[in-house]
Amino acid sequence: MSVPAGMFVCHGCGTLVDAASCLPFRCPSAGVGDADHLLVPLADDPNCLVTGGDNPYLRYRSFLSPYRLARRVGLSDAAWGDIVGELDEALVATDGKGFLVTPMAEHPALAAGASFPGRLWVKNETGNVAGSHKARHLMGVMLYLRVLELAKLQVGEGLRERRLAIASCGNAALAATVIARAADWPIDVFIPPDASQSVVRRLGELGARVTVCERRQGEDGDPCFLRFREAVGAGAIPFGVQGSENGLAVEGGRTLALEMAEFFAVSNTPIDRVYVQVGGGALASGLAQGFALAVKCGWLRRMPQIVAVQTTACAPLARAWERMAGIDVAQACARRSQFMWAWENVQASLAGGILDDETYDWLEIVQGMRNSGGFPVIVDEAMLAKAHDLGNRLAGIRVSATGTAGFAGMLATPPEGGHAAVIFSGVER
């Protein structure tokens, strides 16, 4: 029996959510028991088609739940094109750029600088909307909201009266605010006291309502995330990049993996390993899901090894990986608190953008690492500084230390050869 388009399932408790009648954000059963709750698309069609054009939300539309839902509820393919096109035009007016497939290029000098004898590819996200990959996640969410509006579905009634909300230290907040401004939707942004002043100024220019969140004595977890949760509890729409809070966010990020997989398939390049920086985990989770989908579609013979990179300042994913040795993923999924909890003493780091107290999307990353033969890596500040220097100097890309943290993992654990890839995301501000 075929599954209706737009269905999601919680990988922790099995709860089904139909995006046509229930917002597929946080699992309705979240908070019950100790399961790890995360909504993932239930039906991934391995026969999905790639269409023409360089906008990923048009090119890979048949892979996206909002598109499949739009067709199911009677919107035409042309109507989807109009939704994407109107938002993209508004993004250009707001931020100077819309969505395009981002560059993938081989960097021999960078490989040499890393003493890597194989071929190294860099996926450059610094030129994407708002300067990072974060907008990919959030565009997927906004497209869903626009489908609800255009199709006049009951679940979408009153959404325009609710503000968007996000917790972020920088790039995600900026991406969310740019997309919110393009969609003419008010947004609340929860940021830490040490957020970049240039980002704070830009958030103000774009009309965001900004709340600076101090840590409170006796309170565990990221204060920005906790204040975000309070706002959502009061009626705000979760417009962040934590998959546990919005199942559509991770799916939007899959477009990055699809672009990479298509590039390697067309160029007949067998990619062996991908290093990815991990904070809250949406990027690595989207990559793991996207590469698995590319294998289903026959684009790749096998998944590349997923190597998840965290810092000595904050490494909850690596801790969970160690505790899961010999334990089945399903067992860990039912006992989240034994494997994933807030890092007790987050330190300062050059890679401040990945200092999330928890890796919210941890379990999908663990599954991806296990399925691909990957593993986590913890890097120190010296390695982060070296990666940042080499990335800017040898690759010629103006990228932040957060954005080169995945490359730092490669410096720490270089492959013996083959083909490796890293993602540079987050322009140096």
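**Figure 1. Helix α15 within the predicted model.** In this predicted model, helix α15 spans residues 405-412, and seven of its eight residues are buried, so the helix is largely enclosed by the rest of the structure. Buried denotes a relative accessible area under 20%, exposed over 50%, and partly exposed the range in between, with a 1.4 Å probe and protein chains only. The buried positions of α15 are A405, G406, F407, A408, G409, M410 and L411. Helices (H or I, at least four residues) and strands (E, at least two) are DSSP runs numbered from the N terminus. Because the model is predicted, local features need pLDDT of at least 70 and side-chain atom pairs count only at pLDDT 80 or more, whereas totals for chains, interfaces and linings use all residues. Residues are numbered from 1 along each chain as its sequence is written, and side-chain values use heavy atoms, with hydrogens and water left out.

**Figure 2. The chain as a whole.** The secondary structure of the chain comprises 15 helices and 13 strands. For 429 residues, a compact globule would have a radius of gyration near 22 Å, and the 20 Å of the chain agrees with this. That radius is taken over C-alpha atoms, and the globule rule is 2.2 Å times the number of residues to the power 0.38. Along the principal axes, the C-alpha atoms fill a box of roughly 55 × 55 × 45 Å. Of the 429 residues, 60% count as buried. Contact means heavy atoms within 4.5 Å. Among contacts between residues at least 6 apart in sequence, 72% join residues at least 24 apart.

**Figure 3. The largest nonpolar core and a separate core.** A nonpolar core is a set of buried Ala, Val, Leu, Ile, Met, Phe, Trp, Tyr and Cys residues joined through side-chain atoms within 4.5 Å. The largest such core holds 65 residues, of which M142, Y144, L145, L164, I179, I187 and F239 touch the most other members. Helix α5 (residues 134-151) gives the most to this core, with ten residues. Apart from it lies another core of 43 residues, including L283, L293, M303 and I365.

Figure 4. Not counting residues up to four places away in sequence, F239 touches L138, V141, M142, L164, A165, I166, A176, I179, I187 and F228. I237 lies in strand β9 (residues 237-238) and counts as buried, at 0% relative accessibility. With residues up to four places away in sequence again left out, I237 touches F25, L145, L159, R162, R163, L164, A165 and W185. A distance of 31 Å separates the C-alpha atoms of I237 and A318, which are 81 residues apart along the chain.

Figure 5. Most residues other than glycine have a negative phi. A130, which is not a glycine, has a positive phi of about 65 degrees. This alanine, A130, lies in the loop between β5 (119-124) and α5, and at 6% relative accessibility A130 counts as buried. K152 is likewise not a glycine and has a positive phi of about 55 degrees. The loop between α5 and β6 (164-167) contains K152, which counts as exposed at 70% relative accessibility.

**Figure 6. T15 and D18 at strand β2.** T15 is found in the loop between β1 (7-10) and β2, while D18 belongs to strand β2 (residues 16-18). T15 is buried, with a relative accessible area of 18%. Beyond its neighbours up to four places away in sequence, T15 touches F8, V9, C10, C27, P28, S29 and L39. The C-alpha atoms of T15 and A5, ten residues apart along the chain, are separated by 16 Å. D18 also counts as buried, at 18% relative accessibility. Under the exclusion of residues up to four places away in sequence, D18 touches G6, M7 and R72.

**Figure 7. G286 in helix α10.** G286 is found in helix α10 (residues 282-296) and is buried, with a relative accessible area of 0%. Leaving aside neighbours within four places in sequence, G286 is in contact with V250, G253, R254 and A257. The C-alpha atoms of G286 and P304 are separated by 14 Å, with the two residues 18 apart along the chain.
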